[in-house]
Amino acid sequence: MGLVGRPQPNQDTTFYVLPKGWLRLDELQKREIQSSQAFVAMWFNPVTDEPYENGIYKAIYDSGYEPRRVDQKHHHLNKVDDEIIAEIRRSRFLVAYFTCEPEKVRGGVYFETGFAMGLNIPIIWTCKDMSMKDLHFDARQFPHIVWTNSEDLYTQLKARIGALIGQGPKKRG
């Protein structure tokens, strides 16, 4: 196929990537995951339940995708980190919900976003207006949906999904 080469025919262990191989690698890395699933990375706390249900879940569902949260997956025997990684790999995109307690940054959301970035999975960054000041500087540079209430979150997230990802395969109506 001409993707790799050997500089010396007698050495079995020395290989290098040919230009055609680099192009193929680039093509593989840019491939979109064809999935009806969207992973949601967030802080699991009663104060986030209402914005999740009426904002995030509803926007993802109404856009034709199935929202996935790791805490709602009860039938597995693996470590939770393994389940997070598996679900992100299966997802078309990730919604990163950075809302947190004042002055307490949600470290786990950074793990999920970093992993998704490494896989070239699109990330939609969200944060309630009151929590923006608590984000790390390296996350603040991304275009967050900054929202004030669940209706605002729903409207902005649904529009962002439509603009960046497109309608999902399970679009209703």
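**A surface patch, a helix pair and a salt bridge**

Val4, Phe15, Val17, Trp22 and Leu25 form a nonpolar surface patch of about 490 Å². Patch residues have over 30% relative accessible area and no salt bridge, and nonpolar side chains (Val, Leu, Ile, Met, Phe, Trp, Tyr) are joined within 5 Å. Areas follow Shrake-Rupley with a 1.4 Å probe. The model is predicted: local features need pLDDT of at least 70, and side-chain atom pairs count only at pLDDT 80 or more. Numbering starts from 1 along each chain, and side-chain values use heavy atoms.

Phe15 sits in the loop between strand E1 (4-5) and strand E2 (16-17). Strands (E, at least two residues) and helices (H or I, at least four) are DSSP runs.

Next, the helices. H2 (residues 46-62) packs on H6 (residues 150-164) at about 25 degrees, with axes 8 Å apart. Axes are lines fitted to C-alpha atoms over the stretch in contact. H2 is therefore roughly parallel to H6, a label for angles under 35 degrees. Their contact (heavy atoms within 4.5 Å) includes Pro51 and Ile56 of H2 and Leu153 and Tyr154 of H6.

Last, the charges. Five salt bridges are counted, each a side-chain nitrogen of Lys or Arg within 4 Å of a carboxyl oxygen of Asp or Glu. One of them joins Glu66 and Lys170 at 3.9 Å, N to O. Glu66 lies in strand E4 (residues 66-68) and Lys170 in the segment after H6, 104 residues apart.

Definitions and conventions. Patches are made of residues with over 30% relative accessible area and no salt bridge: like charges are joined within 9 Å, nonpolar side chains (Val, Leu, Ile, Met, Phe, Trp, Tyr) within 5 Å. Axes are lines fitted to C-alpha atoms, for helices over the stretch in contact, and angles run from 0 to 180 degrees between N-to-C directions. Angles under 35 degrees count as roughly parallel, over 145 as roughly antiparallel, 65 to 115 as roughly perpendicular and the rest as oblique.
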